[in-house]
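Student: Could we go through this model together? I'd like to know what the words we use for it rest on.

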Amino acid sequence: MKLKEKLFSVLNNKCPKCHKGPVFEVNNPYNLKRFDKMHKSCPCCGETYHKEPGFYYGAMIVSYMLNGALFIFTFLGIYVPMEIDAISYIVTMGLLIVILAPLTFRLSRLVWLNVFVGFDPAAKCFNPEL
Ligand SMILES: [Zn+2]
């Protein structure tokens with residue numbers, strides 16, 4: 001199933017084409033020195049991760065949608081049923097968005113890359129270690 005393949009790639013930091021090579025250099029999004037470092041291309045199949053200059057500007061739209069979904073779910077799941085005051089909710093949301101920023105950054109780039117690259121089970125791996 002196509003959605004299952006995309007989810008595998010996004011959630012496991014794997015190349016959308018071969019599902020073997022990593023997209024980001026480190027798997028931990030909270031390694032704050034290197035969480036944003038991406039390979040230029042897949043170490044396994046050679047698929048380029050930087051399609052053109054400014055390719056990842058589109059990932060900002062995905063990031064906006066992820067944060068919007070977070071806002072809606074916390075509003076409906078916390079603010080409305082618990083009836084907390086608005087200032088506490090806004091401060092909590094601000095902190096939550098900052099804390100989740102490395103995760104959101106990586107997820108949005110992985111989703112954006114998966115929009116343009118499809119899974120190819122026949123993709124050859126040129127790196128025997130992966
Ligand atoms: Zn690959």
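Student: What makes residues in α4 count as buried?

Tutor: A residue is buried if 20 or more other C-beta atoms, placed from the backbone, lie within 10 Å of its own. In α4, that label goes to R106, S108, R109, L110, V111, W112, L113 and N114. Their cover includes α1 and α2 (59-82). Keep in mind that this is a predicted model, where local features need pLDDT of at least 70, side-chain atom pairs count only at pLDDT 80 or more, and totals for chains, interfaces and linings use all residues. Residues are numbered from 1 along each chain as its sequence is written.

Student: Why is α4 called a helix, and how does its span compare with the expected one?

Tutor: A helix is a DSSP run of H or I with at least four residues, numbered from the N terminus. α4 has 16 residues, so it qualifies.

Student: How do you know which residues of α1 meet α4?

Tutor: Contact means C-beta atoms, placed from the backbone, within 7 Å. By that test, K6, S9 and V10 in α1 meet L107, L110, V111 and N114 in α4. Those residues divide into 4 nonpolar, 2 polar and 1 charged.

Student: What else is C15 in contact with, beyond its neighbours within four places in sequence?

Tutor: C15 is in contact with S9, K20, G21, V23, C42, C44, C45 and E47.

Conventions:
Two residues are in contact if their C-beta atoms, placed from the backbone, lie within 7 Å. Helices (H or I, at least four residues) and strands (E, at least two) are DSSP runs, numbered from the N terminus. Ala, Val, Leu, Ile, Met, Phe, Trp, Tyr, Cys and Pro count as nonpolar, Asp, Glu, Lys and Arg as charged, and the others, Gly among them, as polar. The expected span of a helix is 1.5 Å times one less than its number of residues. A residue is buried if 20 or more other C-beta atoms lie within 10 Å of its own, exposed if 12 or fewer, and partly exposed in between; C-beta atoms are placed from the backbone.
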